Amino acid sequence: MDALDVARWQFGVTTVYHFLFVPLTIGLSVLVAILQTLWHRTGDEKYLKLTRFYGKLFLINFAMGVVTGIVQEFQFGMNWSDYSRFVGDIFGAPLAIEALVAFFLESTFIGLWIFGWDRLPARLHLATIWAAAIGTNLSAYFILAANSFMQNPVGYRYNPDTGRAELTDFVAVLTNKVALITFPHTIAGAFLVAGSLLVAVALWHLIRNRDSTDTPAYRFAARFGAWVTLIAAGAVVITGDIQGKIMTEVQPMKMAAAEGLYQTESPAPFSVLTIGSLDGSRELFALKIPYLLSYLGTGDPNGTVHGINDLQALYSAQYGPGSYTPIIPVTYWSFRFMIGFGLAAAAIALLVLWTQRKGRAIPDNRWLLRAGLAMPILPLLANSFGWIFTEMGRQPWIVFGEMLTRDGVSRSVSLTEVLTSFTAFTLIYAVLAVIEVKLLIRYAKAGVPDVTPPPEPDDTDDAERPLAFAY
Amino acid sequence: MELTTIWFLLVAVLFTGYFILEGFDFGVGMLLPVLGRDDKERRVMINTIGPVWDGNEVWLITAGGAMFAAFPEWYATLFSGFYLPLLLILLALIARGVAFEYRHKRPEATWKRRWDNAIVIGSLVPAILWGVAFANILRGVPLDADHEYVGGLLNLLNPYALLGGATTATLFATHGAVFIALKTIGDIRDRAAALAVRLGIAATVLTVTFLSWTLTIRSSTAAVVLAAAAALALLGGLAAATVRREGWAFTGTATAIGLAVATLFTALFPNVLPSTLDPAGTLTATNAASTPYTLTIMTWVAVFFTPIVLAYQGWTYWVFRKRIGVAHIPQH
């Protein structure tokens with residue numbers, strides 16, 4: 001074990017952890033904004049209740065996303081300083097723009113939304129949650145543009161005098177085809193999580209508390225969430241399909257590693273699962289769908305998909321001796337878990353919609369309840385595995401074709417230091433995870449609140465009136 | 001003006017904004033057990049910054065992002081070199097941010113007390129360590145010819161840097177007390193005003209000592225003028241606090257913090273991280289900078305978006321301009 005390994009583990013753990021909160025923030029900000037818009041348009045109290053209810057869950061989650069996000073920005077400099085030096089000219093710009101354009105919008109307007117119920121006119125207050133939601137979704141674009149540069153570097157040149165990559169075309173960086181497709185894929189994945197959370201919580205109340213005055217609200221939330229989940233799942237599949245073809249073009253090794261495809265094949269089959277050696281080099285049993293990998297990778301059922309061995313030979317010739325192959329068991333299984341968990345969430349959403357068809361009451365079924373409660377966890381896992389796949393599939397590169405991960409690490413940070421930080425982050429994140437989940441469950445169980453429409457703001461003497469919301 | 005100079009100024013402005021805004025957030029957090037006698041009073045204090053603390057913290061994220069984009073070498077060397085202090089700052093900011101949101105989520109006294117501790121420690125630690133960090137930037141650190149930090153942790157804990165930490169912590173505490181006096185009504189307002197004066201005297205002594213020491217390390221005419229102005233602003237704020245002119249007192253402490261940060265950046269320029277070893281290791285606004293192309297793009301982005309951000313953040317302060325007291329705190 002050396003400082004590099006620990007730095008990689010730390011980046012992996014803190015990033016996956018951060019991205020447990022990000023999808024909910026992205027998706028739920030918009031869904032809560034939609035609920036509040038429905039209340040604003042119809043005046044129906046059930047939408048206000050749902051806005052307040054899911055708004056609380058959103059904020060419990062949001063706080064975690066904010067504080068774990070700061071670590072992400074600092075970590076490039078702290079642990080990956082040679083990487084930061086190498087790409088700073090290109091990579092820093094989207095990060096700075098993300099902060100200036102998106103984070104200010106998100107954090108300022110979320111404050112206005114939380115505390116503004118009785119301070120702002122209703123329309124303006126509604127606008128604040130939309131501004132926060134736009135900020136959140138916008139932030140995703142800039143950080144994904146930065147990440148896409150690592151997958152498929154464009155719009156730059158290598159300057160041998162400084163030994164750094166230099167920006168030559170910022171528009172090319174922002175319109176990187178990997179970014180253009182990763183953004184909708186990630187956003188759709190986020191809505192898969194948010195829609196699933198709506199369903200899970202509403203379903204729990206519908207089954208546990210069958211004749212409540214709030215049943216109509218939960219019925220709406222369950223159906224709305226299920227439709228969001230289904231539409232998001234469709235979008236995930238379509239964007240994922242396009243993404244696979246772009247990936248095959250710009251990072252063929254990643255596609256080969258996704259399948260554990262050692263030999264170039266045309267047509268290439270897709271294995272749903274394989275039993276054999278862990279890295280798939282020797283198989284005892286495999287459930288294979290013919291032509292599918294060729295179609296996923298190239299759009300042609302008979303298309304050629306390059307194998308790991310050929311690509312390894314090609315890269316060795318191009319970049320010098322060394323291993324250019326990711327860890328195959330990780331890429332193979334994370335790719336399947338991503339797809340499998342995502343599709344499972346969509347299947348449950350379909351089931352929920354079917355049980356409620358034509359106004360039927362949700363059946364009192366233990367298995368349906370369990371499936372519903374599993375719903376938000378499944379797409380969260382899908383999101384995590386998707387990131388593990390795409391980042392581990394890029395290895396050994398930190399910037400594909402330009403810089404190896406091992407060359408990007410901070411030279412001045414000792415093993416002791418990085419072990420200290422890794423331990424500290426892991427501990428505080430574990431404690432906070434327990435607290436956060438307990439709070440989420442507590443507030444989810446509490447159910448929709450009783451609401452009185454917030455008082456209109458006025459400038460008359462209201463010195464003694466309690467605030468509509470206070471920390 | 002050179003693009004690198006513009007970006008040096010912008011990074012300075014972002015840190016100045018960060019310390020003025022998050023300065024009173026830290027102050028409010030540090031003073032929680034001092035001024036907040038019971039749960040209601042502590043809630044009053046937290047709610048004075050409740051709607052704005054998150055937006056204030058984005059000044060730091062933007063400052064970090066701007067350093068990364070405009071001066072990658074500075075960002076890389078500083079953040080990897082100051083590894084453990086920055087780790088502590090991160091852990092503190094994590095605990096503090098979550099505490100604001102979670103503290104009121106359960107009624108138990110133990111629950112609230114634990115989050116109160118997180119707020120106090122989470123405010124005090126960065127308030128000290130930012131001073132330590134900036135003092136070390138001014139003092140210079142051991143950098144080799146590759147601009148790599150070779151100093152270790154103990155090198156950062158020198159007397160001058162520790163004085164810097166004491167200065168920022170006391171200054172922010174004063175700023176926070178003045179802010180509470182400005183934003184509250186009732187008993188707590190009176191106690192905050194009285195405390196602001198006492199803290200302010202200590203802050204003035206420390207600030208004058210620290211800035212004078214700074215000017216013996218590196219100096220320019222402009223830095224001397226700014227340092228004197230910072231001291232005057234702080235004295236003015238202190239005088240205003242004494243006569244209970246809370247708006248002016250806050251203007252005074254905010255201006256003093258702004259001018260003190262400006263003093264540090266002015267004294268530092270054109271260096272961004274001086275080396276105490278090989279002069280070739282010194283990072284300057286020129287040798288740490290990105291290409292003119294990147295700086296040009298970033299300049300346009302900053303010119304377009306900064307006024308918008310300032311406008312809506314300013315508007316937020318207008319929306320939440322009213323003072324609050326214990327009567328405003330809802331039951332749950």
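Predicted model: local features only at pLDDT ≥ 70, side-chain atom pairs only at ≥ 80, totals over all residues.
**View 1. Where chain B meets chain A.** Start with the big picture of the contact: chain B brings 75 residues and chain A brings 82 residues. The size of an interface is often given as the accessible area lost when the parts come together. Here that area comes to about 7100 Å², and 69% of it is from carbon and sulfur atoms. On the polar side of things, 25 residue pairs are in polar contact across the interface, counting pairs with both residues at pLDDT 80 or more. Six helices of chain B each give at least two residues to the side touching chain A: H3 (39-49), H4 (53-70), H5 (72-81), H6 (83-102), H7 (109-139) and H12 (292-319). Sort the residues on that side of chain B by type and you get 45 nonpolar, 19 polar and eleven charged.

**View 2. Salt bridges between the chains.** Side chains of opposite charge can pair when their charged atoms come close. How many salt bridges run across the interface of chain B and chain A? The rule finds five. One to zoom in on is B:Glu73 with A:Arg85, where the closest N and O atoms sit 3.0 Å apart. Those two residues also belong to a network of salt bridges, together with A:Asp82, A:Arg164, A:Arg411, B:Asp146 and B:Glu148. Over all chains, the salt bridge count is 29.

**View 3. A salt bridge across distant parts of chain A.** A:Asp214 pairs with A:Lys49, with 2.8 Å between the closest N and O atoms. The two partners are 165 residues apart: A:Asp214 is in the loop between helix H6 (177-208) and helix H7 (215-250), while A:Lys49 is in helix H2 (residues 45-79).

**View 4. Helix H3 tied to helix H7 in chain B.** The side chains of B:Asp116 and B:Arg42 form a salt bridge, 3.0 Å from N to O. Because B:Asp116 lies in helix H7 and B:Arg42 in helix H3, the pair ties together parts of chain B that are 74 residues apart in sequence. Both residues are buried.

View 5. B:Arg244 and B:Glu246 make a salt bridge, their closest N and O atoms being 3.1 Å apart. B:Arg244 is partly exposed, with a relative accessible area of 34%. B:Glu246, on the other hand, is buried at 6% relative accessibility.

**View 6. Around A:Gln151.** You'll find A:Gln151 in helix H4 (residues 122-151) of chain A. With a relative accessible area of 2%, A:Gln151 is buried. Which side chains does its own side chain meet in polar contacts? One is A:Asn147, at 3.2 Å. Another is A:Glu391, at 2.8 Å. Leaving out residues up to four places away in sequence, A:Gln151 touches A:Val178, A:Gln251, A:Lys254, A:Thr390, A:Glu391, A:Arg394 and A:Phe400.

**View 7. Around B:Thr207.** This residue belongs to helix H9 (residues 187-217) of chain B. B:Thr207 has a relative accessible area of 5%, which makes it buried. A polar atom of the B:Thr207 side chain lies 2.6 Å from the backbone oxygen of B:Ala203. Beyond four places along the sequence, B:Thr207 touches B:Thr167, B:Leu171 and B:Leu234.

View 8. An unreviewed UniProt entry carries the annotation "transmembrane region" for several stretches of chain B, including 248-273 and 293-312. In the model, residues 248-273 are 81% helix and 12% strand, with 35 Å between the end C-alpha atoms. Residues 293-312 are 100% helix and 0% strand, and their end C-alpha atoms lie 29 Å apart.

**View 9. From A:Val66 to A:Glu166.** A:Val66 sits in helix H2 of chain A. A:Val66 is buried, at 18% relative accessible area. Go 100 residues along the chain and you reach A:Glu166, whose C-alpha atom is 30 Å from that of A:Val66.

Note on methods
Residues numbered from 1 in each chain as written. Chains lettered and ligands numbered in written order. Heavy atoms only, no water. Contact = heavy atoms within 4.5 Å. Buried area = accessible area lost by both parts, 1.4 Å probe. Salt bridge = Lys/Arg side-chain N within 4 Å of Asp/Glu carboxyl O. Polar contact = N/O pair within 3.5 Å; in protein donor to acceptor, adjacent residues only side chain to side chain. Helix = DSSP H or I, 4+ residues; strand = E, 2+ residues; numbered from the N terminus. Nonpolar A, V, L, I, M, F, W, Y, C, P; charged D, E, K, R; others polar. UniProt positions renumbered as here; feature names shortened; annotations may be inferred. Buried < 20%, exposed > 50% of the residue type's maximum accessible area, 1.4 Å probe, protein only.
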